[in-house]
Amino acid sequence: MIKGTTKLLGVIGHPIAHSLSPAMHNAAISHLGVDFVYLPFPVKPGDLKAALAGFAAIDLRGFSITIPHKQTILPLLAEVSPIARAIGAVNTVYLTDKGWCGTNTDVEGFLAPLQTPANLAREGSDWSQKVAVILGNGGAARAVVAGCAQLGCAEIHVVGRSEQNLAEFHDSWVTSPMPVQNLQVHTWDDLSMLISQADLLVNTTPVGMYPHGEKSPVAAAAIARISPGAIVYDLIYTPNPTQFLKDAQLRGARAIDGLEMLVQQGAAALKIWLDTESVPVDVMRQALRQHLGLD
Ligand code: NAP
């Protein structure tokens with residue numbers, strides 16, 4: 001119930017109407033019985049500075065950020081975490097004595113399904129001999145590169161369409177505050193060769209996303225080269241599973257879909273705002289699944 005004492009959280013973006021975050025966070029808030037509410041705030045690109053001042057004035061406690069503000073907010077924050085600086089994007093903002101501080105919980109979200117007790121029992125925690133192949137070199141790929149570097153992968157290969165974007169992507173990691181030295185970039189022509197070496201194959205492109213669920217970023221001939229022991233991870237959460245994951249599973253690979261990353265990046269943000277280690281991840285997952293019509 002919203003009362004005079006209720007503290008505000010929210011998400012900013014433009015457009016914001018399709019955000020899944022309010023359903024996920026308000027389900028958790030209600031389950032915990034804490035005096036918070038999480039609201040969507042449509043903020044146009046030119047209005048970000050005014051929105052931040054307004055949020056401070058109404059004592060908003062923290063907020064999530066989506067397109068188009070993830071990068072442009074960086075210079076407006078009092079403090080930015082090293083991981084958000086390395087990724088070049090902030091997805092979570094919280095208030096401290098210094099003012100608005102930003103971080104990025106996508107890496108934590110990406111890593112969580114790879115570090116479940118079941119996965120650790122099966123794969124172990126030593127990634128130092130493992131090869132990661134990442135499809136796409138956009139914003140989400142940056143979180144995935146940071147995650148693979150944290151795992152300690154032996155080799156990280158990124159596959160993209162534009163040689164110029166790939167070169168810039170590579171250079172940004174060499175000069176990053178959290179440098180990644182074992183990163184190589186490739187055009188799609190190399191995929192067939194790379195795919196047979198991959199222990200972890202991650203799709204960060206939108207290819208195969210609703211309403212184009214019949215598409216896959218990887219053609220059948222290349223799917224046939226996936227090692228049966230590989231983990232194949234698609235950041236897309238609708239459809240669930242994607243065609244790419246279905247094809248890889250038929251090949252004997254283990255599939256991870258994007259829903260868990262979405263849940264876990266949200267759970268990591270809620271822990272920061274509520275200053276607790278314990279948030280109801282199951283409730284958040286269930287709220288998302290219901291919202292997406294998966295149950
Ligand atoms: P983005 O910054 O626009 O990057 C998209 C990347 O995919 C770019 O490198 C782009 O290549 C490439 N790409 C686009 N269309 C392609 C095509 N037809 N063939 C080959 N490559 C193509 O987007 P993003 O923010 O990284 O998001 C990417 C996907 O990840 C989306 O589906 C998003 O929903 C998902 N995502 C999921 C989560 C989660 O929590 N599960 C979190 C973040 C993102 P160019 O550079 O050549 O344009």
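Is Thr66 buried, exposed or partly exposed, and what is its relative accessibility? At 27% relative accessibility, Thr66 comes out as partly exposed. The labels work like this: buried means under 20% relative accessible area, exposed means over 50%, and partly exposed is in between, using a 1.4 Å probe and protein chains only.

Before the views, a word on the model: it is predicted, so local features need pLDDT of at least 70 and side-chain atom pairs count only at pLDDT 80 or more, while totals for chains, interfaces and linings use all residues. Residues are numbered from 1 along each chain as its sequence is written, and side-chain values use heavy atoms, with hydrogens and water left out.

**View 1. Thr66 sits in the loop between strand E3 (62–65) and strand E4 (79–80).** Helices (H or I, at least four residues) and strands (E, at least two) are DSSP runs, numbered from the N terminus. Not counting residues up to four places away in sequence, Thr66 touches Val11, Ile12, Gly13 and Ile16; contact here means heavy atoms within 4.5 Å. Val90 is 24 residues from Thr66 along the chain, and their C-alpha atoms are separated by 8.7 Å. The loop between E3 and E4 also holds Pro68, and the peptide bond leading from Ile67 into Pro68 is cis, with omega near 10 degrees.

View 2. Asn137 brings a backbone N or O atom to 2.9 Å from a ligand oxygen, and Arg161 has a polar side-chain atom 3.0 Å from an oxygen of the ligand. Over at Leu235, a backbone N or O atom lies 2.9 Å from a ligand nitrogen.

View 3. Asn203 is buried, with a relative accessible area of 0%. Its side chain makes a polar contact of 3.0 Å with the side chain of Asp234. Such a contact is a pair of N or O atoms within 3.5 Å; within protein, one must be able to donate a hydrogen and the other to accept it, and residues adjacent in sequence count only if both atoms are side-chain atoms. Leaving aside neighbours within four places in sequence, the residues in contact with Asn203 include Leu135, Pro217 and Phe244.

**View 4. Asp106 belongs to helix H4 (residues 106–111).** Asp106 counts as buried, at 13% relative accessibility. A 3.3 Å polar contact links its side chain to that of Asn91. Beyond the neighbours within four places in sequence, Asp106 is also in contact with Lys70, Ala143, Met261 and Gln265.

View 5. Most residues other than glycine have a negative phi, and most peptide bonds are trans. Asp59 has a positive phi of about 60 degrees and is partly exposed at 38% relative accessible area. Asp275 has a phi near 55 degrees; this residue is in the loop between H11 and helix H12 (281–291) and is exposed, at 72%. Asn240 and Pro241 are joined by a cis peptide bond, with omega about 5 degrees.
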